[in-house]
Amino acid sequence: MPEMLVGSDSTYRIFLKDFKAQIAQSHIAAARAVTRAHVGLYWELGKLIVDRKAELSWGQAVVERLAQDLRLEYPDVTGFSPQNLWLMRQFYMEYEGFPILQQLVGELPWGHNVLIIQRVKDEAARRYYLEAAGRFGWTRNVLLNQIKAAAYEYSLANKTHNFPAALPAHQAEQAEEALKSRYSLEFLGIAGRIHERVLERRLVSRLRDFLVELGYGFCYIGNQHRLRLGSNEYYVDLLFYHRFLKCLVAIDLKTGRFRPEYAGKMDFYLDLLNETERASDDKPSIGIILCAERDRLEVEFSLKSKLNPIGVADYQLHPQVPEGYRQRLPSKEEWQKWLEGAQPIEDENG
């Protein structure tokens with residue numbers, strides 16, 4: 001007969017949970033060690049190629065021959081193709097003079113590093129993507145989408161929120177990192193005006209793309225999320241939970257420019273969320289008002305008296321037009337005149 005467990009079943013479950021957590025941490029640490037060793041090897045091989053080519057004045061053909069000999073020597077090992085050897089050389093040459101970046105590259109898999117050196121050339125931008133991908137655990141596809149959406153450039157833009165006044169310092173900093181100043185919704189394929197509810201339905205239908213654009217950590221709860229106060233009902237356009245901020249995130253969609261009354265509405269919704277749905281160990285709920293346009297000064301004054309943490313961002317439905325072509329486009333007044341006579345675009349469901 002098996003020996004009886006000491007203590008209650010709940011005590012054992014806690015013990016098992018701690019045990020599994022230690023195993024998981026060990027696996028993560030081992031995986032990171034392998035990644036650092038892998039990238040470190042490619043760094044040294046890249047350095048070796050650069051040094052020997054310079055010392056012996058070898059031509060380009062040496063890399064082709066090296067790849068062929070390595071394939072014969074290590075037939076079961078991938079990664080020694082001519083293209084990858086050239087990438088190792090480029091990897092070393094482009095990061096050789098940047099010790100901070102050298103420390104960061106070892107935290108990401110080789111494929112992530114290749115993506116960054118091929119698509120990002122600015123040192124500060126490279127540091128941004130290296131740090132963000134490591135901190136938020138971005139997959140390679142998420143990293144690619146963040147680069148294509150110009151996440152670094154948008155991170156430099158002025159963000160409008162009241163996080164420092166509404167949250168403790170460390171939470172305010174984390175929330176500020178999770179908020180963008182502008183969100184790219186080009187994946188929706190919208191070519192004209194659209195109603196807010198239609199925009200909401202389009203975002204829900206392309207939820208995976210929207211989650212990628214929001215950033216790592218957002219978990220979808222629902223749209224038109226119902227809140228109750230006595231006999232009254234209210235609806236949050238989109239509700240998420242953020243795994244790292246440990247809080248509910250309410251998003252209010254506006255297809256026009258920001259108006260001060262939107263901040264009061266969001267403040268009210270956050271009060272209800274905190275009162276009725278916030279878990280005991282959750283941080284204060286955060287609101288994001290996503291609108292087509294915003295005036296920074298108007299937003300700042302609207303948020304000054306609000307006690308709940310609220311951020312205001314705008315969104316982009318179309319690709320940015322290169323500077324050289326902007327003068328050929330109709331003026332803002334001409335566009336406005338056309339839009340006033342245009343019919344709203346409805347989705348296939350009406």
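Is L66 buried, exposed or partly exposed? L66 is partly exposed, because its relative accessible area is 34%, and that falls between the 20% cut-off for buried and the 50% cut-off for exposed.

Before going on, one caution. This is a predicted model. The protein chain has an average pLDDT of 85. At least 70 is the score for 86% of the residues. Two stretches need care. Over residues 321-326, pLDDT is below 50. That stretch has three contacts in the model beyond near neighbours in sequence. Then come residues 343-350, where pLDDT also stays under 50. Here the model has 16 contacts beyond four places in sequence.

Set aside its neighbours within four places in sequence, and L66 is in contact with I49 and L85. Look at L85. In sequence, L66 and L85 are 19 residues apart. In space, their C-alpha atoms are 8.7 Å apart.

L85 takes us to helix α3, residues 82-95. How do two packed helices get described? By the angle between their axes and the distance between the axes. For α2 and α3, the angle is about 120 degrees and the axes are 9 Å apart. The two helices are therefore oblique to each other. The crossing of α2 past α3 is right-handed. Who makes the contact? From α2, it is V63, E64, L66, A67, L70 and R71. From α3, it is P82, L85 and W86. Sort those residues and you get seven nonpolar, no polar and two charged.

Next pair: helix α5, residues 110-119, and helix α7, residues 140-148. Their axes are 10 Å apart, at an angle of about 15 degrees. So α5 is roughly parallel to α7, since the angle is under the 35 degrees cut-off. This crossing, α5 past α7, is right-handed. On the α5 side, the residues are G111, H112, L115, I116 and R119. They meet R140, L143, L144, I147 and K148 in α7. In this contact, five residues are nonpolar, two are polar and three are charged.

Last stop: S302. Look in helix α14, residues 296-303. Is S302 buried or exposed? Buried, because its relative accessible area is 6%, under the 20% cut-off. What does S302 touch, leaving aside neighbours within four places in sequence? S302 is in contact with F258, P260 and A263.

That's the tour. Over to you.

Conventions: Residues numbered from 1 in each chain as written. Predicted model: local features only at pLDDT ≥ 70, side-chain atom pairs only at ≥ 80, totals over all residues. Heavy atoms only, no water. Helix = DSSP H or I, 4+ residues; strand = E, 2+ residues; numbered from the N terminus. Buried < 20%, exposed > 50% of the residue type's maximum accessible area, 1.4 Å probe, protein only. Contact = heavy atoms within 4.5 Å. Axes fitted to C-alpha atoms, helices over the stretch in contact; angles between N-to-C directions. Parallel < 35°, antiparallel > 145°, perpendicular 65-115°, else oblique. Left-handed = near helix turned anticlockwise from the far one by under 90°. Nonpolar A, V, L, I, M, F, W, Y, C, P; charged D, E, K, R; others polar. pLDDT = per-residue confidence, 0-100.
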